Amino acid sequence: MKFIEGIRPQLDDASEQKTDGGEIRYKVESGVLKQMVEAASTQIIKAESRQSGITGAELIRPNSKVWKVSLGRRNDDQSYNRCKREKHIAVDWLDDLDLSDKTYEEIFALLKNERDDDAKNPTMDANTLDTLINQMNKGDIVFIYDGPWTIRDIGVITGDYTFMKGRPSPHVRSVTWLKEFSQPIDISEMNGGIRLTLKTIYELPRIQMSDVQKLIGNYDNSNSTISKSQQVQQLPYYLIIDEINRGNISKIFGELMTLVEKDKRQTISTIFLIRKSRLHYQEICTLSER
């Protein structure tokens, strides 16, 4: 595992059974430093929300997924305003059916059955419903779509799938709104320059919990649920690497070593500790260069 992030090969079932047709897939996994950053960012979000009296943020996990969600169809603020007011995200299609415990295949079949034989396969609609019902979890983050590069709100999912018969969009998930922006916020840099599409719900795997914490904490406006005056003091987090002298420093840190060297562009503060005993460490040097 890399210190920050690395690629780990994974074998599919066929490969594990050593049969023909098996393929190796590669999954990006966070290293120990990135895991620590995400855990610290999660704790900051929880602390600020708790101080502001916001319930639901305690469900957020360092590995909570971030989802892009569209509320209503294009130029439909009525659905958006209703969802904001009633604190949920909602999806239509199959408006008269409770889809609890339905699999993707069952949802696809139901959508296919209600459409004409020559109609396009309802793959995208089935994916949206399946995501809302089966893939989203309590504590996951939702970014509410505004445009190809921007979002208008951030929320956390606080409830399981619920069917609300008779509603315009009856398939819902309860949310708590963590941030309501007075002006849409551009997330293109955080999202790797990838445009947001009109698909109702899909995951944003490039967005990390540290990005969410930055968005919630860095933008203050009259509609913000967490104001700058309410923000809690951010306590430092430490990563202690025991017996690092036994390893290859350049392989452990990689290009991260450049961050602990003198850099005229910014202030760097790095503390190095040496182990004195099982529970005691002594600071041997601190780099603080401008």
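Me: Which way do V66, W67, K68 and V69 point from strand 3, and are they buried or exposed?

Reply: This is a predicted model, so keep that in mind. In it, V66 and K68 point one way from strand 3, residues 66–69. W67 and V69 point the other way. All four are buried.

Me: Which way does strand 5 run relative to strand 3, parallel or antiparallel?

Reply: Parallel. Strand 5 covers residues 141–145, and four bridges join it to strand 3.

Me: And strand 9, parallel or antiparallel to strand 3?

Reply: Antiparallel. Strand 9 is residues 201–203, and three bridges link it with strand 3.

Me: Back to K68. What stands opposite K68 in strand 5?

Reply: F143. In strand 9, K68 stands opposite Y202.

Me: OK, helices now. At what angle do helix 4 and helix 5 pack?

Reply: About 135 degrees, with their axes 9 Å apart. Helix 4 is residues 104–113 and helix 5 is residues 123–135.

Me: What do you call helix 4 relative to helix 5 at that angle?

Reply: Oblique, because of that angle.

Me: Is the crossing left-handed or right-handed?

Reply: Helix 4 passes helix 5 in a right-handed crossing.

Me: Which residues meet there?

Reply: From helix 4, Y104, I107, F108 and L111. From helix 5, they meet T123, D125, A126, N127, L129, D130, I133 and N134.

Me: How many of those are nonpolar, polar or charged?

Reply: The contact of helix 4 with helix 5 has seven nonpolar residues, three polar and two charged.

Me: Switching to helix 3. Which residues are buried in it?

Reply: S79, Y80, R82, C83 and K84 are buried in helix 3, which is residues 77–86.

Me: What covers them?

Reply: The cover includes strand 4 (88–91), strand 5, strand 6 (150–157) and strand 8 (171–186).

Me: What follows helix 3?

Reply: K87. Its phi is positive, near 60 degrees.

Me: Last topic, P236. Where is it?

Reply: P236 is in the loop between helix 6 (209–218) and helix 7 (249–253).

Me: Why does P236 count as exposed?

Reply: Because its relative accessibility is 53%, and exposed means over 50%.

Me: How far is P236 from A40?

Reply: Their C-alpha atoms are separated by 8.8 Å. Along the chain, P236 and A40 are 196 residues apart.

Methods: Residues numbered from 1 in each chain as written. Predicted model: local features only at pLDDT ≥ 70, side-chain atom pairs only at ≥ 80, totals over all residues. Heavy atoms only, no water. Buried < 20%, exposed > 50% of the residue type's maximum accessible area, 1.4 Å probe, protein only. Helix = DSSP H or I, 4+ residues; strand = E, 2+ residues; numbered from the N terminus. Pairing = 2+ DSSP bridges. Axes fitted to C-alpha atoms, helices over the stretch in contact; angles between N-to-C directions. Parallel < 35°, antiparallel > 145°, perpendicular 65-115°, else oblique. Left-handed = near helix turned anticlockwise from the far one by under 90°. Contact = heavy atoms within 4.5 Å. Nonpolar A, V, L, I, M, F, W, Y, C, P; charged D, E, K, R; others polar.
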